[in-house]
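Subject: Structure for your review

Dear colleague,

Please find below the structure that I am handing over to you. A short account of the findings comes after it.

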Amino acid sequence: MKRTTFKMLLISLLAISMFLVGCSNNSKETGGKKETPGTSNEGGSKKDTLVYGRGGDSTSLDPITTTEGEAYKVTINIYETLLNYGDQDTTINPGLAEKWDVSDDYLKYTFHLRKGVKFHDGTDFNADAVVYNFNRWMNGNDEQFPYYSMFGGYKKDEGHVIKEVKAVDENTVEFDLKRPQAPFLKNIAMSAFGIASPAAIEKYGDDFRNNPVGTGPFKFVEWKQNDKIVLEKNPDYWQKGLPKLNKLIFRVIPENAARLNALAKGEIDVMDGLNNSDEDTVKNNPDLQVIERPSNNIGYIGLNTTKKPLDNKLVRQAINHAVDKKTIIDAFYGGKALPAKNPLPPSIEGYNDAIEEYTYDLEKAKALLKEAGVEKGFEIDLWAMPVARPYMPEAQKVAEVIQESLSKIGIKANIQSVDWATYLEKARKGEFGIFMLGWTGDNGDPDNFIYTLLDKDSIGSNNYAQYSNDELHDILIEAQTEADQAKRNELYKKAQEIIHEDAPWVPLVHSTPLLAAAKDVQNYLPHPTGSESLLKVEFK
């Protein structure tokens, strides 16, 4: 009997030791808390791999080929631009250009480049590389390089702002413009205009979007679609002592709740898309912290102005009166949002606060439908985003509220969705009637909201409502050309009056997006543009 007991004791001890070994091995494979080769969480050694959990995958790793934020979260760490924004604002700072000169007539910009900078493939960053990138973009179109339309279109277009980009010498680049463009420097600093290796573009061709090569603090390692993107430290980075981390892993975890669970279990270190309803849960966990992103966004319902009956502005105005924004904000934003009435947030210069918002008024909505000749209502698809976005963390649930609101005025809205990349592509092509989307500002200028999202030049890129108004276009081009900011502001206020009357959107909300992170993550500075360099992030 004693022998059997002793034998059972040995078996039990062996089982326990095997379980402990298993736990130890598992802890090295769970993301944020995992140990990479050469590092340890014991003995005071610092973790040097950060795992970032997000709701959707990137659509491209060539930033100029896309307009969606999930791409820029990654590419801002691979590529660099001629100019940078401030750590948490959109002031203009040196980037790959150490300094710059502007002519008195605002038609010539000269950039003096940093010397000794190399691309990740070992080739030199220089003036020729800058010229190559801009020539590549300007000779494309809005399907290839949608964000380049920020410069008034493409080389073949009459409105194209840039006359020529030329290398003065190895470290000096000159931009000659056809007309002044007030937000030119702020545009140059946008993540979309990251300078890529010409040699790598030539090598990979169309597949460059899957094989990114820039000058940034991190180098591309691998991309497993809808799973993870891995970057590693650039050992030859020009800013000495940076980056602090050795590796970045961007993981796709579609559900907000699942991401929070992964964070709580130590499988990731940072998550975006924290539901407002989960904020207290994070604050009550001593191992976690809440991070607020400065508000610089708009969540909206787009109304395709080319599809019947949405081509009638009375119908669009009726839909504006039918949406109960207060209920949406109270239910899904936890007090961290403002109702929207304009296509840009109040923090942006030129915001027109004098505009009277469309009140929640079902009787007014019904009267407008009657006037439009659709008194009995109609049936239409309502497209809802499949992923959490900073301006709309619970899009599918918001869609249900909108659906119910529209039903009260006789509009039967059938909620539809597809994967994120397809959603954006279909929206860009104008295939949706009523759809939910939003925008996080890129550069802090009103032009980046109104011109980028609602001008006729932007149809095919970011103007998903397919909205066109010639009077609006003339005002926006004048505002781009005007150097006096006060005069620009007045022009943008007039532009908002036109948009309000035409109602191509239902402006829904300006949110304060929430992120969450492990308590030991430090120097994470969320940027109002929605994507931030992780250059200085480290663990305590």
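The notes that follow describe the nonpolar cores and then the pockets.

Please keep in mind that this is a predicted model.

In soluble globular proteins, nonpolar side chains tend to be buried together. Here the largest nonpolar core comprises 143 residues. Leu82, Phe134, Tyr148, Phe175 and Leu437 have the most contacts inside this core. Helix α3, spanning residues 127–138, gives the most to the core, contributing seven residues. Setting aside neighbours within four places in sequence, Phe134 is in contact with Leu82, Tyr148, Phe151, Ile162, Val165, Phe175, Ile188 and Ile195. There is also a second, separate core of 14 residues, and Leu260, Ala262, Leu288 and Leu514 are among them.

By class, the lining of the largest pocket has 23 nonpolar, 18 polar and nine charged residues.

The second largest pocket has a volume of about 480 Å³. Of the 23 residues that line this pocket, Thr65, Thr66, Glu143, Gln144 and Arg209 lie nearest its centre. Helix α12 gives the most to this lining, with four residues. The lining of the second largest pocket divides into seven nonpolar, seven polar and nine charged residues.

With kind regards

Terms used: Residues are numbered from 1 along each chain as its sequence is written. This is a predicted model: local features need pLDDT of at least 70, side-chain atom pairs count only at pLDDT 80 or more; totals for chains, interfaces and linings use all residues. Side-chain values use heavy atoms; hydrogens and water are left out. A nonpolar core is a set of buried Ala, Val, Leu, Ile, Met, Phe, Trp, Tyr and Cys residues joined through side-chain atoms within 4.5 Å. Buried means under 20% relative accessible area, exposed over 50%, partly exposed in between (1.4 Å probe, protein chains only). Helices (H or I, at least four residues) and strands (E, at least two) are DSSP runs, numbered from the N terminus. Contact means heavy atoms within 4.5 Å. Ala, Val, Leu, Ile, Met, Phe, Trp, Tyr, Cys and Pro count as nonpolar, Asp, Glu, Lys and Arg as charged, and the others, Gly among them, as polar. On a 1 Å grid over the protein atoms alone, a cavity is a set of points where a 1.4 Å probe fits but cannot get out, and a pocket is an open set with protein on both sides within 12 Å along at least five of seven lines; lining residues have an atom within 4 Å of a point. Grid points are joined across faces, edges and corners, and a volume is the space filled by probe spheres set on the points.
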